[in-house]
Each structure stands twice: as C-alpha cells, then as structure tokens.
Amino acid sequence: MQPRWIAGRELTGRFEGYGAVRDFADWCDATGADPGFEFGPPPEVVLYARHLLGGHVVHVECVAEQHDAETWFRLNPSWL
C-alpha cells in the first residue's frame with residue numbers, strides 16, 4: 001500500500017484509514033526507513049519517517065491511536 005502523496009516543499013505521504021499503521025510499518029520495512037514518533041493528544045501518536053528515495057527526501061506519516069501503533073512499534077514515553 002502506498003501513502004497518499006502531497007507535493008509541497010518536500011514530498012509528503014500520509015497513511016490514512018483502516019490498516020494505516022500496518023501499511024506505514026510495511027512501507028518503512030520495504031524502504032529501510034527508520035520510523036520515529038511523537039505523542040499527540042491522548043490517545044493519538046504520530047508516526048513519521050524521512051527517507052531518501054530516488055535522490056529525493058520524502059516524509060511519510062501516520063496518525064493513529066497509541067494502542068494500534070504499539071501493535072507494530074515499541075513506543076516508550078521516556079525516550080522523549
């Protein structure tokens with residue numbers, strides 16, 4: 001699954017809807033991108049990754065509920 005791409009200063013992809021966290025995890029795995037996260041207003045978490053693809057830096061993100069994100073990623077508030 002590919003994100004919805006938005007052209008701006010940089011190319012941004014957003015994973016949305018059912019299965020978005022899994023699609024984000026699969027995309028990071030397939031491209032070798034290192035994901036990061038920020039906690040939003042509870043229970044949200046923003047997953048993101050910047051990665052070089054085809055000579056261009058792209059940014060992908062996914063806003064999800066924390067319990068969904070924890071299915072695929074280890075989130076630890078003490079890392080902030």
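Biologist: Which residue in E2 does Trp5 stand opposite?
Modeller: Trp5 stands opposite Gly13 in E2. Strands here are DSSP runs of E with at least two residues, and helices are runs of H or I with at least four, numbered from the N terminus. This is a predicted model, in which local features need pLDDT of at least 70 and side-chain atom pairs count only at pLDDT 80 or more, while totals for chains, interfaces and linings use all residues. Residues are numbered from 1 along each chain as its sequence is written, and side-chain values use heavy atoms, with hydrogens and water left out.

Biologist: How many bridges join E1 to E2?
Modeller: Three bridges join E1 to strand E2 (residues 11-15), and the two run antiparallel; strands pair if DSSP finds at least two bridges between them.

Biologist: And what is the strand order in the sheet?
Modeller: The open sheet has five strands in the order E1-E2-E5-E4-E3, with mixed pairing. Strand E1 (4-6) and strand E3 (36-39) stand at the edges with a single partner strand each, so one side of each is left without a neighbour in the sheet.

Biologist: Switching to the core, which residues have the most contacts inside the largest one?
Modeller: Those are Phe15, Phe24, Trp27, Leu47, Cys62, Phe73 and Leu75, in a nonpolar core of 19 residues. Such a core is a set of buried (under 20% relative accessible area, 1.4 Å probe, protein chains only) Ala, Val, Leu, Ile, Met, Phe, Trp, Tyr and Cys residues joined through side-chain atoms within 4.5 Å.

Biologist: Which element gives the most to this core?
Modeller: H1 does, with six residues.

Technical notes: Buried < 20%, exposed > 50% of the residue type's maximum accessible area, 1.4 Å probe, protein only.
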